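Please look through the structure below before reading on.

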Amino acid sequence: MPKYVAALDQGTTSTRCMLFDHDGAIAARSQKEHQQIYPQPGWVEHDGLEIWENAQEVMHAAIDQAGVKPDEIAAVGVTNQRETTIVWDRKTGKPFTNAIVWQDTRTKAICSQLEAKGGIDRFRPKTGLPLATYFSGPKLKWILENIEGVRRAAEHGEALFGTIDSWLIWNLTGGPQGGAHVTDVTNASRTMLMDLEKLTWDSGILEILGIPECMLPRIVPSSDPEPWGNTLEDNVPVCGDLGDQQAALVGQVCFGEGDAKNTYGTGCFMLLNTGKEIVHSDSGLITTVGYQFAGGSPAYALEGSIAIAGALVHWLRDNLGLIQSAPEVETLAMSVDDNGGIYFVPAFSGLFAPHWRSDARGVIAGLTRYTNRGHLARAALEATAYQTREVLDAMEKDSGVRLTALKVDGGMVHNELLMQFQTDILGVPVVRPKITETTSLGAAYAAGIAVGFWSDLEELRAHWQVDQTWEPEMDRTESEKLYRGWQKAVQRTFDWVE
């Protein structure tokens, strides 16, 4: 009798495997970082083969750690950094080039050319997305046009495209020996190539971008009782697939219309479940698929995507040497009483929601001789809270729903200073669940539901428990004054790249 569900969680900086028992509790985990490759300013790449090797390593390590046999695992669910684009050879299983990461801005010229013929919202009515370097479609177009041999291979059916979920599932289920080439509706909705309503690749957009449809994966539900293949050499079905932020939506059991969550990871991502309705944004948000369980209608969501959140803390550590480890940022930030009048706008890859300004670059505004290391650390943490406030304001404007509380997850939610500042700036309670690894949990839920390990969504809701709630303490006049300062600093980032 299977006792666990495995989740393979492939993120921007690391890959991990977690085993969850029937109560949704963590039975084992293993994690390994991979290299961040920066060939040029604005370019960000990952080695696809390294990611696959790490995935195999952490899966076997988690199983060994738990002391279980593969036949005790009911199913495998995959979740992944979204939009990151990889193209590989169907016969050899080798990528033609490094994966182009979602943060990469090399496709700015492509997006500008597309925008010139129809505006930034040219494809939004069908895809829910503005033209931006963020999404996979322009990245794939760049690879086809710039990497020798890829277009010819694609036209001959030898090159396969995918986001990282497709790459992993193909390898997990056999690779060159008949691996399944699939992607789920949530990941497909982030390519800028899928019709949101039909849940199919849009032939018109593919023609405009010059992308052969034969290289694209088959679009499947996020949770599928017909497994795409088996893995672990022991016939464990692979049947769950969600982009990481949609996985967190599922892991936070945000199954009701109006439910919202915010994930604080490398970037920061807030999603609001809009149910069966496709809500197009007038305020700089993305319309996306939240999840789809086999046999059911898709649940749609509004999303606010922030490029840099936890990555800013890593930048303080790796680029400036201001701290030795990420958790130290809270101690350093608490060495001062406030931000010393400075604002840190981390527009390293431009600004995502709600601004969508690829011409923006990072600034630290308000520097004086008084500024010290503590102020920099505090301003870096506050930047995440301010960006979240911008997204929340846009979300409430588009949806007409006033949020009464925000569910949070991700690595940064253990930073008490940030969570208190977040609730002060938002003016609503911030709620952290007992299990904060909701991305992995959501992938496990998708796979487990598919094979009957969990019976229904109500059973999943019963597992969700509150760990801590933060309530606003700052005077609203003060918090609004601070927020106005942030908005002024954001304006200083615009038009930097000509």
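A residue is called buried under 20% relative accessible area, exposed over 50%, and partly exposed in between (1.4 Å probe, protein chains only). By that scale Glu 145 is partly exposed, with a relative accessible area of 44%. This is a predicted model, in which local features need pLDDT of at least 70 and side-chain atom pairs count only at pLDDT 80 or more, while totals for chains, interfaces and linings use all residues. Residues are numbered from 1 along each chain as its sequence is written, and side-chain values use heavy atoms, with hydrogens and water left out.

**Cysteines**

- The structure holds zero disulfides, a disulfide being a pair of cysteine sulfur atoms within 2.5 Å.
- Cys 17 is in no disulfide, and the nearest cysteine sulfur, which belongs to Cys 239, is 14 Å away.
- Cys 17 is buried at 1% relative accessible area, whereas Cys 214 is partly exposed at 43%.

**Salt bridges**

- A salt bridge is counted when a side-chain nitrogen of Lys or Arg is within 4 Å of a carboxyl oxygen of Asp or Glu.
- The count under this rule is 24 salt bridges.
- Side chains of opposite charge can pair when their charged atoms come close.
- One of the salt bridges joins Asp 9 to Arg 16, with the closest N and O atoms 3.3 Å apart.
- Asp 9 is buried at 7% relative accessible area, and Arg 16 is buried at 18%.
- Lys 141 and Glu 145 form another salt bridge, at 2.7 Å from N to O.
- Lys 141 and Glu 145 are four residues apart in helix α4 (residues 136–146), so about one helical turn separates them.
- Arg 378 has a relative accessible area of 14% and is buried; Glu 382 is buried at 6%.
- Elsewhere, salt bridges with shared partners link Arg 82, Glu 83, Arg 190, Asp 244 and Glu 303 into one network.

**Helix α1**

- Helices (H or I, at least four residues) and strands (E, at least two) are DSSP runs, numbered from the N terminus.
- Helix α1 (residues 48–66) has 19 residues and should span 27 Å at 1.5 Å a residue; its end C-alpha atoms are 27 Å apart, which agrees.
- The expected span is 1.5 Å times one less than the number of residues in the helix.
- Buried residues of α1 include Ile 51, Trp 52, Ala 55, Val 58, Met 59 and Ala 62.
- Seen down the axis of α1, the buried residues fall within an arc of 160°, so they line one face of the helix.
- The arc is taken from the directions from the helix axis to the C-beta atoms.
- Asp 64 and Gln 65 are exposed on the other side of α1.
- Just after α1 comes Gly 67, which has a positive phi of about 70°.

**Thr 266**

- Thr 266 sits in the loop between β15 (260–264) and β16 (268–275).
- Thr 266 is buried, with a relative accessible area of 17%.
- Leaving out residues up to four places away in sequence, Thr 266 touches residues including Thr 12, Thr 13, Trp 102, Gln 103 and Gly 310, where contact means heavy atoms within 4.5 Å.
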